[in-house]
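Please look over the chain below before reading on. The report that comes after it is written for someone who is new to this structure.

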Amino acid sequence: MPELINSQRRIPKATYVPRTIPAGAQAASGRVIEKTAFLRSMDIRPEELRAIASVRAVKSLKAREAGTGADRPLIDVVRDFLSASAVAGLRRYGPAFARVSMLDIAKVGEAVALVRAESASALREAVHKVDNLRSTIGAAGNAGAGLPAEAAEPHPPTPLATIRGRPAGDAERATALEASSKVMAALEDIQAASDKASRLVSQFKYQVPLAPVGQIHLERLEMTPVGMEHGELVHSIPLTPTETVNVSHREWSQSTQSYETLALEALEGFSETGVTEKHDLARASEVEAKHSSSLDVSGSISATYNGGAYSLTASAAVAYGSKDESRQAEKDSIAHSMAVTRTASTRTKKEHQTSFKVSSVAGAEDLAVQVITNASTTEAMRVDYYQLLRKWRVDLIRYGLRMTYDLVIPNPGIGLISKLIELSALNQSILAGNSFTLDPVGITRGDWQELEKAYGVAIEAPPVETLQMMRTAKVPGQSYDKWGSATVQFTLPDGYTVTSGHFRGLFSLYDYNPNGRHLNVDILGEPQGSTSTPTGEYQGADAFLDFDLTTATLVGRTGEVFLVFEYHNIDYGDATVSIEAQPTLEAMQAWQGKVWAQLHEADQANFEARMVVARDRKAQIEAEIAQFDALTLRKMEREEVMKGVIQWLLGPHFALMPDDIRASIAAHVVDADAKPGAYAFPVAHELREDEWHSILDQGELIKFLHNAIEWENVIFFAYPYFWDRAENFDFKRFLMHPDPVHRDFLRAGYTRVVLPVRPGFETCLAMLMETGDATLAPDAKYPYVSIGEEVRNFAKTNYEAIPPANPDRNVRTLLYPVQRQAWQEIQNIMQSLEQYRTDNTGTYPPNLTDPKLAAAAAKAGVKLSAADPFGAPYNYRFPGIYGDYDLWTTGTATQPAVDGLDGVISSWAEGSVVGRWYEYTPTSALDVAVTMIPLNQAKLGTQPSPA
């Protein structure tokens, strides 16, 4: 089967060879990025720097300035470095740190940890003293009032965790507790900083013997389909001699196309209906009697009922014949009317829908019946159905050796996961439903207006907290020698009860006589509501009553309430009764329940509105996620890896946008019309000279990093999700994304990244990492990468599961020892040709038999071979088609083309096949095999193929 070139799969791989530092060289200089990152991560305070300067282990440490060559105390260089920005400090003081050993930097970190530990110890002692002071004050003041019983007695210092939260019994103890809290807070901070310093020092010393630099063989896996083979046995049909069976094969397909539009109009409103119920009850009766002297007797009774009133009339008459007449009539009428009006409100929603739908369905079905007959009369036949497997040839191609940096970055997909986090939150909110947790008891007068704003609905105001009412009653004059009464009546609204009342009245008797008439007023049910003295005598001509009402009359009553007072011998009287009423508990509970129902309905409506928005947003996010194709996702993944690599390679304080450049942008961009957050960057003429240089230097650093590292050949491998924070386990474990490769990238907890350095940049990139300045390389030169070359390098990037745009078709096969021997001899000839070119003014020999070529080989220290390992002379062409010259061997033609020794081994090939194996992948295709078996040999037998 011919090779299917378009079906090839290529997977870039790498073979990493790490490098370790010998024990005697672990204290050597360099590795500035690691040193500066360690110092900045310590978060050293200025006061700590002053304390560190007096530590004996640090006092003698020196650092040599790059420009002056003078020695300065290391702690002074550290102070100046920490006060500068990240990029400027690295450029200015990186060379000085490059001459300081890793162990000396570790001593600075140990001194920081020591100073912080001493500060923590001193603060801990201060806390103990404050605790003892608190205990003493507690024992002296009321035998420890306000403290636990054991606090009044001498006891060891209370643990720090129990000092907070104890109530202060007096000012002294409150002051002691406040001081203790402040000191303890400071102690917690300094203790955390001390622990952090110790941890960082241990990690830094652990990294001293490790080197992030190594060598890497750039490799690629190429999978080429080379054939189809039988896989699993799917089905088998046995047939005896002359037997016939029917095998049916059915195929069907159906396609449906539909177009539908839906127009929906909705009108929502409220409808109110007023209902009045009226009940009338009337009763009327009339009796009339008439008598005359006649002897005539007559009587009549009539009754009528018209549905509204009932009347009964009866009459009787007796006549004696005379005109003397006596008549008596009596009429009684009673009417009672009651009217009740109720208002009902109904929420109405009218919808009008218009639907237009066009649908077409096309279907096809094919049913074929195959008749299989065993024509043999002596042999059985078996028809076997096998699943077909595609066979792949896998070539491991090695095409370069690079210097590398190997590092691991956490959570590589953090910059691309925001939409999935939002989508997960929307799904949870939709599935969670609505939960209305407002307690009706919590609805009070003080917060009902805030609840209106929170839920966006108008609710009924609470009942008036205090209702005041007043009534006045006047006594008619000259009620002499008899008792009269007056009533003061109040009609309280439903749900109110009288909580207090006051009676104020003035009564006078003009004809006052101590021995005759006397004034008397008595408010029924009120102990203080009488003008009589305890002995039963009156008080005088005038009486003034002013007192609060008790529960015996009005207080605690609801509905129709009244106060009755009696009076005797009064010419003039005026009484005023005032009351205060408050809502009853039942009324407040009814109001709370009604408001709760209104808020619950509003909350449900708000929830439904939010769900509509959430579903729309969910659909929008899902559409945004699905719109990215696989290639775009692979590029986004590589960019995120690139960003993480730069941040973690250059230290925690390296900013992609430095603070000084950010400040320059903020200082010079002034646009009143620009929206908040709009992108803006100042033009060059608006910047100061130092700002201009800072931005230009940042651009040069960006260009260097993108050219010095072969980003197109970066290898990264995602480690599982469980290396992330435990809080993210559930989210990452069940994270879903339409693209499976992108899903694995987002789920990664850590990612290992191997950075190959572009040939020619090794020294400068190493100097950047070791000294902080790439220009300190011995020659301070590296290849200039033009725009065209940079575009070409980017185009050679290989993305996982995507065919490469620029596959390497030209490789040499080095699978067998004779092929590797031939390649070694070709390299010897190439060295000889280069020596020949050097000795002969830049030209190459016309053929390999030139005598000068042998002399050049001897001068280069290599041995020329007369023929290739296959017995044929090497092929040489000058000038060459693929280069200045072409040198190759075709191997031997006695072996098969696929696995044999006839592969071309050339000088112009970019890579070498160093490994080859075969793999299988399943397909959906089936194959049929027919086997005839003699009846006397009907047995199963399997002949395994050799590996």
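## Basis of the model

This is a predicted model, in which local features need a pLDDT of at least 70 and side-chain atom pairs count only at pLDDT 80 or more, while totals for chains, interfaces and linings use all residues. Residues are numbered from 1 along each chain as its sequence is written, and side-chain values use heavy atoms, with hydrogens and water left out.

The average pLDDT of the protein (the predictor's confidence in each residue, from 0 to 100) is 75, and 69% of the residues score at least 70. In residues 14-28 the pLDDT is below 50, and this stretch has 38 contacts in the model beyond near neighbours in sequence, where contact means heavy atoms within 4.5 Å. In residues 141-168 the pLDDT is likewise below 50, with 44 contacts beyond near neighbours in sequence.

## The chain as a whole

Among contacts with a separation of 6 or more, 80% are between residues 24 or more positions apart.

Of the 947 residues, 34% count as buried, a word that here means under 20% relative accessible area, with exposed meaning over 50% and partly exposed the range in between (1.4 Å probe, protein chains only). The accessible surface comes to about 56,100 Å², and carbon and sulfur atoms account for 54% of that area; such areas come from the Shrake-Rupley method with a 1.4 Å probe, and for residues only the protein chains shown count as cover.

## Nonpolar cores

In soluble globular proteins, nonpolar side chains tend to be buried together. A nonpolar core is taken here as a set of buried Ala, Val, Leu, Ile, Met, Phe, Trp, Tyr and Cys residues joined through side-chain atoms within 4.5 Å. The largest such core has 74 residues, of which Phe97 and Leu755 touch the most other members, and helix H6 (residues 102-140) gives the most to this core, with 8 residues.

Leaving aside neighbours within four places in sequence, leucine 755 is in contact with several residues, including Met403, Tyr405, Val645, Ile709 and Trp711. A second, separate core has 29 residues, among them Val498, Phe503, Leu563 and Tyr567.

Val408, Phe722, Trp723 and Tyr750 make a nonpolar surface patch of about 400 Å². Patches are made of residues with over 30% relative accessible area and no salt bridge, like charges being joined within 9 Å and nonpolar side chains (Val, Leu, Ile, Met, Phe, Trp, Tyr) within 5 Å. Valine 408 lies in strand S9 (residues 379-410) and is partly exposed, with a relative accessible area of 39%.

## Salt bridges

The structure holds 26 salt bridges, each being a side-chain nitrogen of Lys or Arg within 4 Å of a carboxyl oxygen of Asp or Glu. One of them joins aspartate 43 and lysine 196, at 2.6 Å from N to O. Aspartate 43 lies in the loop between helix H1 (32-41) and helix H2 (46-52), and lysine 196 lies in helix H7, so the pair ties together parts that are 153 residues apart in sequence. Aspartate 43 is partly exposed at 42% relative accessibility, and lysine 196 is partly exposed at 27%.

Another salt bridge is formed by aspartate 724 and lysine 732, at 2.9 Å from N to O, and both of these residues are buried.

## Backbone details

Most residues other than glycine have a negative phi, and most peptide bonds are trans. Asparagine 569, although not a glycine, has a positive phi of about 60°; this residue is found in the loop between strand S15 (560-568) and strand S16 (572-583) and is buried, with a relative accessible area of 2%. Threonine 242 also has a positive phi, of about 65°, and is partly exposed, with a relative accessible area of 48%.

The peptide bond from phenylalanine 878 to proline 879 is cis, with omega near -5°, and proline 879 is found in the loop between strand S20 (875-877) and strand S21 (886-889).

Conventions: Helix = DSSP H or I, 4+ residues; strand = E, 2+ residues; numbered from the N terminus.
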